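Student: I would like to learn how to read a model like this one. Could we go through it together?

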Amino acid sequence: MSVPSDLLYTKTHEWMRREGDLAVVGITHYAQDQLGEVVYVELPEVGRSAGPGEELGTLESVKAVSEFFAPAGGEVVEVNERLNDEPNLVNDDPFGGGWLVKMRIREESGLLDAAAYDRLVAEESH
Amino acid sequence: MEESGLKRTPLFDEHVAAGGKMVSFGGFEMPVQYTSILKEHTAVRTRAGLFDVSHMGEILVRGPKALDFVQKISCNDHSKMTEGRAQYTGLMYPEGTFVDDMLVHKMADDEYFLVVNAANTDKDFAYIDDLAATAEGVEVFNQSAEYAQLALQGPLATEVLAPLTETDLSAIRYYRFTRGRVFGHEAIIARTGYTGEDGFEVYVAPENAAEVWRAILAEGGPKGVIPAGLGARDTLRLEAGMCLYGNDIDRTTTPIEAGLSWIVKLDKGDFIGRDVIERQVEEGVDRKLVGFEMVDRGIARHGYAALLAPDDAEPVGLVTSGTHSPTLGKPIGMAYLPTEAAEPGREFWVSIRGQARRAVVVLLPFYSRKKKKA
């Protein structure tokens with residue numbers, strides 16, 4: 001399936017949606033499918049600073065643990081508290097209700113557009 | 001898309017057709033899940049799930065001295081078994097540790113049928129064959145290629161299997177078995193399993209496995225019975241407090257350390273490893289396998305360090321198995337702890353990705369079904 005065209009993507013399968021100088025961050029449908037059912041989400045503290053590509057938190061499935069990374073440099077201003085009780089949102093609605101964090105963005109580079117990300121996934125799943 | 005060197009069970013095509021995610025396990029290509037581990041786990045606890053366990057090994061011990069031989073290699077006492085009974089036991093090294101854990105089935109006074117773990121089959125048979133070579137009145141046969149094995153586990157298991165066999169399933173009590181037919185094919189039907197639910201393990205010839213698999217799913221499908229993979233098999237057995245060889249028990253652990261004293265019968269006579277085990281029973285052991293639940297957030301997994309205090313640098317033990325428990329809704333696990341810390345209610349810490357998280361020792365099992373009269 002093709003990913004939403006209004007988002008930007010990382011090679012580590014995060015997506016980012018700009019809302020002014022804020023950005024909403026999550027993982028893609030492909031990423032959640034690879035991970036399996038998420039049973040635990042570890043989110044960063046609000047106020048935490050991160051450079052692009054820095055680990056922000058982890059997603060635990062029954063069989064595996066996977067980190068997720070900051071798509072751009074900035075500060076975490078909000079985290080999705082719903083995921084504490086409903087970690088399955090990451091699987092059920094990865095681009096919507098399964099969002100992970102909101103960041104205030106300072107610097108951004110090297111992100112993929114939808115077409116480039118679709119190509120990446122096609123290569124990885126070959 | 002066959003990974004080089006991996007074996008396949010007779011049910012491989014069924015798994016692929018059912019959407020199974022195939023992974024390497026014990027030298028075989030096996031389904032870890034079809035839909036989701038959580039859904040398959042829940043199906044077994046509330047309805048029934050069907051597992052392909054054909055990768056397990058089968059070893060036949062036969063001859064006038066078969067019982068003597070089995071008594072020697074096993075820590076449990078098989079001398080009072082009648083035909084049609086199964087017993088769980090350890091296959092022992094001279095050090096009193098496990099070559100494997102296994103089920104011993106008494107087929108006849110001169111025939112015992114051992115079912116062993118897939119990953120250990122070749123090792124177990126080489127060990128047993130070597131011992132049998134110098135023993136009188138006994139021969140051993142690796143019959144693993146002659147059997148496929150299906151496990152139907154869950155509260156609906158009897159109801160789903162009954163229409164497919166003329167055998168009276170209600171007459172097979174827990175840990176008993178009989179020969180019969182399933183869907184017209186010769187089978188060993190055993191009321192055994194690795195999930196903590198009621199259920200059956202059915203042994204059939206490999207060429208009949210696919211038909212029996214499909215027949216069980218056709219009968220059970222309308223009742224919500226689904227195929228279940230190795231992922232659910234692991235979460236189910238852990239909830240039921242059952243050990244997994246390679247995780248919770250291995251060649252460095254004795255039954256006493258592993259909390260399996262109940263399969264050790266010292267007064268049955270001599271057996272391989274007996275003196276080490278007897279010493280441990282008399283003197284105690286330094287470490288014990290315990291069940292635990294996480295108190296802080298995070299899943300404790302195999303290999304994570306166990307600490308007595310959160311700032312400790314030195315681990316005192318290791319997590320041997322751990323996962324999120326679907327039934328309890330929290331992370332559970334097993335770990336070896338120093339004996340003095342191995343008491344229910346005692347807290348300890350698990351190092352999860354560099355952070356010490358609190359856990360508490362609990363009695364096993366984490367889950368047990370209400371006992372049904374079979």
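Student: Which residue is the bridge partner of Leu50(B) in S13(B)?

Tutor: The partner is Pro227(B). Before we go on, a word on conventions. This is a predicted model, in which local features need pLDDT of at least 70, side-chain atom pairs count only at pLDDT 80 or more, and totals for chains, interfaces and linings use all residues. Residues are numbered from 1 along each chain as its sequence is written, while chains are lettered from A and ligands numbered from 1 in the order in which they are written.

Student: What counts as a strand, and what counts as a pair of strands?

Tutor: Helices (H or I, at least four residues) and strands (E, at least two) are DSSP runs, numbered from the N terminus. Two strands pair if DSSP finds at least two bridges between them. Here strand S3 (residues 49-52) of chain B is joined to S13(B) by two bridges, and the two run parallel.

Student: In what order do the strands of the open sheet of six lie?

Tutor: The order is S10-S11-S12-S9-S3-S13 in chain B, with mixed pairing. At the edges are strand S10 (177-182) and strand S13 (226-227) of chain B, each pairing on one side only.

Student: Is Val182(B) buried or exposed?

Tutor: The general idea is to count neighbours: a residue is buried if 20 or more other C-beta atoms lie within 10 Å of its own, exposed if 12 or fewer, and partly exposed in between, with C-beta atoms placed from the backbone. Val182(B) has 25 other C-beta atoms within 10 Å, so it is buried. This residue belongs to strand S10 of chain B.

Student: Which residues is Val182(B) in contact with, leaving aside its neighbours within four places in sequence?

Tutor: A contact means that the C-beta atoms of two residues, placed from the backbone, lie within 7 Å. For Val182(B) the list is Leu164(B), Thr165(B), Ala187(B), Ile189(B), Val202(B), Val204(B) and Val212(B).

Student: How many residues are in the largest nonpolar core?

Tutor: A nonpolar core is a set of buried Ala, Val, Leu, Ile, Met, Phe, Trp, Tyr and Cys residues joined through C-beta atoms within 7 Å. The largest one has 130 residues, and Leu150(B), Leu152(B) and Val202(B) have the most contacts inside it. Strand S7 (residues 111-116) of chain B gives the largest share of this core, five residues. Apart from it lies another core of six residues, including Val3(A) and Tyr117(A).

Student: Which residues of helix H3 (residues 66-73) of chain B are buried?

Tutor: They are Ala66(B), Phe69(B), Val70(B), Gln71(B) and Ile73(B). Their cover includes strand S4 (57-62), strand S5 (86-92), strand S6 (98-108), S7 and helix H4 (121-133) of chain B.

Student: Now the whole chain: why does the radius of gyration of chain B agree with that of a compact globule?

Tutor: The radius is taken over C-alpha atoms, and the globule rule is 2.2 Å times the number of residues to the power 0.38. With 374 residues the rule gives a value near 21 Å, and chain B has 21 Å, so the two agree. Of these 374 residues, 48% count as buried. The secondary structure of chain B comes to eight helices and 19 strands.

Student: Into which domains is chain B divided?

Tutor: Domain bounds come from an automatic or database domain assignment. In chain B they are domain 1 (12-54 + 147-239), domain 2 (57-144) and domain 3 (286-362). Eight residues of domain 1 of chain B are in contact with six residues of domain 3 of chain B. On the domain 1 side, helix H2 (37-46) and helix H7 (230-239) of chain B each supply at least two residues.

Student: How many residues does each chain give to the contact between chain B and chain A?

Tutor: Chain B gives 10 residues and chain A gives seven residues. On the chain B side, H2, H7 and strand S16 (317-325) each give two or more.

Student: Which strand forms a hairpin with S18(B)?

Tutor: S19(B) does, with two residues between them, and Arg353(B) in the turn has a positive phi of about 50°. Six bridges join strand S18 (residues 347-352) of chain B to S19(B), and the strands run antiparallel. Within this pair, Phe348(B) stands opposite Ala359(B).
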